[in-house]
Amino acid sequence: MITITVNGQRHDINGDPNMPLLWAIRDIIGLTGTKYGCGAAQCGACTVHLNGEAVRSCITKISRADGQHVVTIEGLSANNDHPLQQAWNEVNVPQCGYCQSGQLMSAAVLLRENPNPTDQDIDDAMSGNICRCGTYQRIRAAIHKAADMQREGAKI
Amino acid sequence: MRKLIVITGILFIGGLITVAFRTEPAKPASYPILAKDSIGSVKAFMSVYKVLMSSRCMNCHPAGESPLQGDDNHIHTMNVKRGVDGKGLYAARCSNCHQAENTTGLHMPPGNPKWGLPPSNMRMVFQGRTPRQLALQLLDPKQNGGRTKAQLIDHMAKDDLVGWAWHPGDGRTLPPMSRPAFAAQVRLWIAKGAFAPSAKAK
Ligand code: FES
Ligand code: FES
């Protein structure tokens, strides 16, 4: 039995400890915001937070998440109001949307660790998240916007 | 008498501090000292060098800020970066993809609990070093992570992450000799005097 806390809720999972965390999240727990792209740690579509780090759930075994805290796109904020989500909306970042939950989860780690990222910081953090639709310029703009919003929010 | 107690105390505490700050085992394996032999020592180092410059070793000892991949030593896809601690940056931390063990299958991420590059304050570059440069660098505690010669041998012979090179997972070529053979050459290099090859050696 493997116990994983996902978005604050405990889940007991009866399954092969080698099962990819992504399968548990999508097929067992039923949270389908996290996407399957490549299954080989190459695209970033499956990015979730494991104890705050942006791990790729397609190659993370559930045994690694046993007793740990996972946050998926559904748990990034209570009301879809994380500064990144607001900025994503304003800039209209997604095209097909498939890569975007992974993009947001990666960007959230960047903004937490670096509230004022430069273009280079964004490249360093985000180059592993592939967007087939090529929304990279809008992703960059939205991260800058979210950083501004986060700073404004901190002033109030 | 009082003085003696104070001095003993200081020595004792000093000893404790030294022990506490050691990263490698307190008693590294001792190595035999042979008669100094510059030719034999350099010969042993040249085979050590071949291993260190093989892809499984050099790819994580790059000259730049990104690790390398493959037998052609290309820059790691996604242009991942070393970061301060050698474990990556932001959403591109090594362990976000690299697990504690190799993920099975061709082109899947290899893994080890300590997966990472040398940290930014101790970069331990292999790529582009001549045999002489690399030998001198390995022997210099300021550039080798503060290791004595005995600790250097220990690291090459026993460190778990170094050992990954000989269990690299599906589809990756091995270094040119076995680990025991490699460790034996390291010992021989040092036992015979730890000589560095001449500047002309390639
Ligand atoms: S699905 Fe996990 S990285 Fe592509
Ligand atoms: S929006 Fe379509 S893949 Fe990124």
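Trainee: Which side chain of chain B meets Asp124(A) in a salt bridge?

Mentor: The model is predicted, and side-chain atom pairs count only at pLDDT 80 or more. A salt bridge needs a Lys or Arg nitrogen within 4 Å of a carboxyl oxygen of Asp or Glu. The N to O distance here is 2.7 Å, and the partner of Asp124(A) is Lys81(B).

Trainee: How many salt bridges are there between chain A and chain B?

Mentor: The pair Asp124(A) and Lys81(B) is a salt bridge between side chains. For polar contacts across the interface, the rule finds seven residue pairs. For salt bridges between chain A and chain B, the count is two.

Trainee: What area do chain A and chain B bury between them?

Mentor: The size of an interface is often given as the accessible area lost when the parts come together. Of the area buried here, 52% is on carbon and sulfur atoms. The total for chain A and chain B is about 1,600 Å².

Trainee: Which residues in chain A lose the most area to chain B?

Mentor: The contact takes 23 residues from chain A and 17 residues from chain B. In chain A, three residues together make up 32% of what that side buries. They are Ile59(A), Arg64(A) and Asp124(A).

Trainee: In strand 4 of chain A, which residue does Leu50(A) stand opposite?

Mentor: Strand 3 (residues 47-50) and strand 4 of chain A pair in the antiparallel sense over four bridges. The two strands form a hairpin with two residues between them. The residue opposite Leu50(A) is Glu53(A).

Key
Residues numbered from 1 in each chain as written. Chains lettered and ligands numbered in written order. Predicted model: local features only at pLDDT ≥ 70, side-chain atom pairs only at ≥ 80, totals over all residues. Heavy atoms only, no water. Contact = heavy atoms within 4.5 Å. Buried area = accessible area lost by both parts, 1.4 Å probe. Polar contact = N/O pair within 3.5 Å; in protein donor to acceptor, adjacent residues only side chain to side chain. Pairing = 2+ DSSP bridges.
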